[in-house]
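These are my notebook entries on a single protein chain. I recorded what I looked up, one topic at a time.

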Amino acid sequence: MLCVGPYEFKIAESADELDQVHRLNYRTFVQEIPQHRDSGTGALVDKFHDKNTYLICMRVGKLVGMLSAHGQPPFSVSDRLPDPSILTRPGIIPLEVRLLAIEPSERRSTLVGGLVWSLHQHARATGHTHFVISGVVEQRDFYEHMGFMPLGPAVGSGRASYIPMWATLEDVEATLEWTMRLWARRLERQANAG
């Protein structure tokens, strides 16, 4: 767990935290990005929920951001790849980042940096070599800024289009070196203060 200012970064564990994840997914991927049909429940449970790790950011007990990731095939990005075997080549241990959802009021905060830092730490700890994503076409510049490269053309899903992309952990670390250094310093200050 990492606490920075009003933000608490952690892995979702409680039923309440997971319920908040599903509700944020609904607001993001049903209402805002129309990838899924509206079931009327106000919650969207990811199809890979049982194998996902949810890296979350809480602010005073309320979920304000999350990333989900898993390292177990099959990967959803495989369906969007011209050559899915790229994910099973020797030396490749992919971690698929499935979802990134942030409350609109928090999108210009340091929250994204904290989630990416948490994801990077999780990937290092679990021995992964690459992040793989299905990036929303409209956010391509953001993903490329983080070190991701396209693995093929955009593919439609519902009313949204996604680009299969990947990045090595080193690419993400190099691209976000400054951000990661800031997060490492904050962690160090917290450890010394505690």
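Which residues does isoleucine 56 touch, not counting residues up to four places away in sequence? Before answering, I note that the model is a predicted one.

**Entry 1. Isoleucine 56 and the cores**

I looked up the contacts of isoleucine 56 and found Glu8, Phe9, Lys10, Ile11, Ala12, Glu17, Val21, Leu63, Gly65, Met66 and Leu115, with residues up to four places away in sequence not counted. I then turned to the largest nonpolar core, which has 48 residues. Ile56, Met66, Leu119, Phe131 and Phe148 are those with the most contacts inside this core. Helix α2 gives the most to the core, namely 7 residues. Another core, of 9 residues, lies apart from it, and I noted Phe75, Leu81, Ile92 and Leu151 among its members.

**Entry 2. Methionine 66**

I located methionine 66 in strand β4, which covers residues 62-70. Is methionine 66 buried or exposed? Its relative accessibility is 0%, so methionine 66 counts as buried.

**Entry 3. The largest pocket**

Next I looked up open space in the model. Rolling a probe the size of a water molecule over the atoms shows where empty space is left. The largest pocket has a volume of about 1000 Å³. Its lining comprises 43 residues, and Phe29, Ile33, Leu100, Val136 and Tyr143 lie nearest its centre. The elements that give two or more residues to this lining are α1 (15-32), β5 (94-102), α2 (111-125), β6 (130-136), α3 (140-145) and β9 (160-168). Which element provides the largest share of the lining? I found that β5 does, with 7 residues. By type, I recorded 24 nonpolar, 9 polar and 10 charged residues in the lining of the largest pocket.

**Entry 4. Valine 136**

Valine 136 lies in strand β6. The relative accessible area of valine 136 is 9%, so this residue is buried; the cut-off for buried is under 20%. Aside from neighbours within four places in sequence, valine 136 is in contact with Ile33, Tyr143, Ser161 and Tyr162. Valine 136 and phenylalanine 75 are 61 residues apart in sequence, and I noted 16 Å between them in space, C-alpha to C-alpha.

**Entry 5. Two arginines**

I looked up arginine 98 and found it in strand β5. Which side chain makes a polar contact of 2.4 Å with the side chain of arginine 98? It is the side chain of aspartate 46. A polar contact of 2.7 Å also joins the side chains of arginine 98 and serine 76. With neighbours within four places in sequence left aside, the contacts of arginine 98 are Asp46, Lys47, Phe48, Asn52, Ser68, Ala69, His70 and Ser76.

I located arginine 80 in the loop between β4 and β5. Arginine 80 has a relative accessible area of 14% and is therefore buried. Its side chain makes a polar contact of 2.9 Å with the side chain of serine 134. Beyond neighbours within four places in sequence, arginine 80 is in contact with Gln35, Ser134, Val155, Ser157, Tyr162 and Pro164. Arginine 80 and leucine 151 are 71 residues apart in sequence, while 9.0 Å separates them in space, C-alpha to C-alpha.

**Entry 6. Backbone details**

I recorded a cis peptide bond between proline 73 and proline 74, with omega about 0 degrees. Proline 74 lies in the loop between β4 and β5. For valine 60, I noted phi near 50 degrees, a positive value in a residue other than glycine. Valine 60 is found in the loop between β3 (53-59) and β4. Is valine 60 buried or exposed? With a relative accessible area of 79%, valine 60 is exposed.

**Entry 7. Glycine 113**

Last, I looked up glycine 113, which lies in helix α2. Glycine 113 counts as buried because its relative accessibility is 17%. The C-alpha atoms of glycine 113 and leucine 176 are separated by 8.7 Å, and the two residues are 63 residues apart along the chain.

Terms used:
Residues are numbered from 1 along each chain as its sequence is written. This is a predicted model: local features need pLDDT of at least 70, side-chain atom pairs count only at pLDDT 80 or more; totals for chains, interfaces and linings use all residues. Side-chain values use heavy atoms; hydrogens and water are left out. On a 1 Å grid over the protein atoms alone, a cavity is a set of points where a 1.4 Å probe fits but cannot get out, and a pocket is an open set with protein on both sides within 12 Å along at least five of seven lines; lining residues have an atom within 4 Å of a point. Grid points are joined across faces, edges and corners, and a volume is the space filled by probe spheres set on the points. Helices (H or I, at least four residues) and strands (E, at least two) are DSSP runs, numbered from the N terminus. Ala, Val, Leu, Ile, Met, Phe, Trp, Tyr, Cys and Pro count as nonpolar, Asp, Glu, Lys and Arg as charged, and the others, Gly among them, as polar. A nonpolar core is a set of buried Ala, Val, Leu, Ile, Met, Phe, Trp, Tyr and Cys residues joined through side-chain atoms within 4.5 Å. Buried means under 20% relative accessible area, exposed over 50%, partly exposed in between (1.4 Å probe, protein chains only). Contact means heavy atoms within 4.5 Å. A polar contact is a pair of N or O atoms within 3.5 Å; within protein, one must be able to donate a hydrogen and the other to accept it, and residues adjacent in sequence count only if both atoms are side-chain atoms.
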